[in-house]
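Dear colleague,

I am handing over the structure we talked about, and below it you will find what turned up when I went through it. Please keep it open beside you while you read.

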Amino acid sequence: MNRQPLVTIRDVVKRFGDVEVLKGIDLEVMPGEVLCLIGPSGSGKSTLLRCVNYLEQSDSGYIRVADQFAGAVVKNGELHEASESEIARYRQRIGMVFQHFNLFLHLTALENVTIGLVKVRRLAKSDAVERAKAALADVGLEHLQNSYPRHLSGGQQQRVAIARALAMEPTLMLFDEPTSALDPELVGEVLSVMRRVAEGGMTMIAVTHEMRFARDVADRVAFMDQGRIAEIAPARQLIDSPSSERTRHFLNHVR
Ligand code: ADP
Ligand code: MG
């Protein structure tokens, strides 16, 4: 097999003031791979995802998704700072789903999914609506397309957020604790949508505390601790028999 990684992260360092939050992250994610990121609060999981999406700029190292670099482009064989339009193009390939669904409250489910297709993707309205309806159907919400977020459960809102990201046809999906804000009885419907997205071949990096999901759906799991990837292994191996005491301790406390 001679496939290129879809995501390449090389020696990424990120500081906030004097605090080094990412201390040299190296990671590759293959096309179609599902990687779950686990680890204690404050270990840098969200910051890493935000650097991948270029919501944060790393201080050194580089991140490449497909053939594009976060914040940089290759010109004459060298990395140069990317322009705004190059950054926008980079971001368009990456879908992100947050803990808090970040839907537009004054727009219906359908309008929430359509708006990016029209404004960012420049689709004709009718094409955008058609694609948005299909995306809502994919997450089982076609019957609620005209509902406003306040009339949807948290689980339904998160499924709209996933549909909105998928409708943009990203090459990579990032999830940052997508079920952490949900009542326990609503977690399952979101995880099963994520599982279906994974089974459809989407490349995913998901921060989660749902260890059963990580074990069953992820190809690999990375345990982050204090700004480093402390352990990375095939999902079952890491969760069932972690090699480090630190990982074992963490797993014993989330289960
Ligand atoms: P996790 O997602 O694993 O809980 P984060 O990536 O959110 O961890 O945070 C890692 C560390 O970086 C924490 O100590 C947090 O306080 C700090 N941090 C995150 N974002 C900022 C920011 N914008 N400014 C200053 N410190 C930040
Ligand atoms: Mg976080």
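**Helix packing and the ligand shell**

Helix H3 passes helix H4 in a right-handed crossing. Please bear in mind from the start that this is a predicted model. Residues 109-119 form H3 and residues 125-138 form H4, and the two pack with their axes 8 Å apart at an angle of about 130°. An angle of that size makes H3 oblique to H4.

The residues that make the contact are Ala109, Asn112, Val113, Gly116 and Leu117 of H3, together with Val160, Ala163, Arg164 and Ala167 of H5. By class, that contact has 6 nonpolar, 2 polar and 1 charged residues.

The next pair is helix H5 (residues 154-167) and helix H6 (residues 184-199), whose axes come within 8 Å and cross at roughly 20°. That angle makes H5 roughly parallel to H6, and H5 passes H6 in a right-handed crossing. From H5 the contact takes in Gly154, Gly155, Gln158, Arg159, Ile162 and Leu166, and from H6 it takes in Leu186, Glu189, Val190, Val193 and Val197. The contact of H5 with H6 has 6 nonpolar, 3 polar and 2 charged residues.

Turning to the ligand, which residues surround ligand 1? They are Phe16, Val21, Gly39, Ser41, Gly42, Ser43, Gly44, Lys45, Ser46 and Thr47. Helix H1 (residues 45-52) supplies the largest share of this shell, with 3 residues. Divided by class, the shell around ligand 1 holds 2 nonpolar, 7 polar and 1 charged residues.

Finally, a word on the record: an unreviewed UniProt entry lists residues 7-251 as "domain: ABC transporter".

With best wishes

Technical notes: Residues are numbered from 1 along each chain as its sequence is written. Chains are lettered from A and ligands numbered from 1 in the order in which they are written. This is a predicted model: local features need pLDDT of at least 70, side-chain atom pairs count only at pLDDT 80 or more; totals for chains, interfaces and linings use all residues. A residue is near a molecule or strand if its C-beta atom, placed from the backbone, lies within 6 Å of it. Helices (H or I, at least four residues) and strands (E, at least two) are DSSP runs, numbered from the N terminus. Ala, Val, Leu, Ile, Met, Phe, Trp, Tyr, Cys and Pro count as nonpolar, Asp, Glu, Lys and Arg as charged, and the others, Gly among them, as polar. Axes are lines fitted to C-alpha atoms, for helices over the stretch in contact, and angles run from 0 to 180 degrees between N-to-C directions. Angles under 35 degrees count as roughly parallel, over 145 as roughly antiparallel, 65 to 115 as roughly perpendicular and the rest as oblique. A crossing is left-handed if the near helix is turned anticlockwise from the far one by less than a right angle, and right-handed if clockwise. UniProt positions are given in the numbering used here, feature names are shortened, and annotations may be inferred rather than shown by experiment. Two residues are in contact if their C-beta atoms, placed from the backbone, lie within 7 Å.
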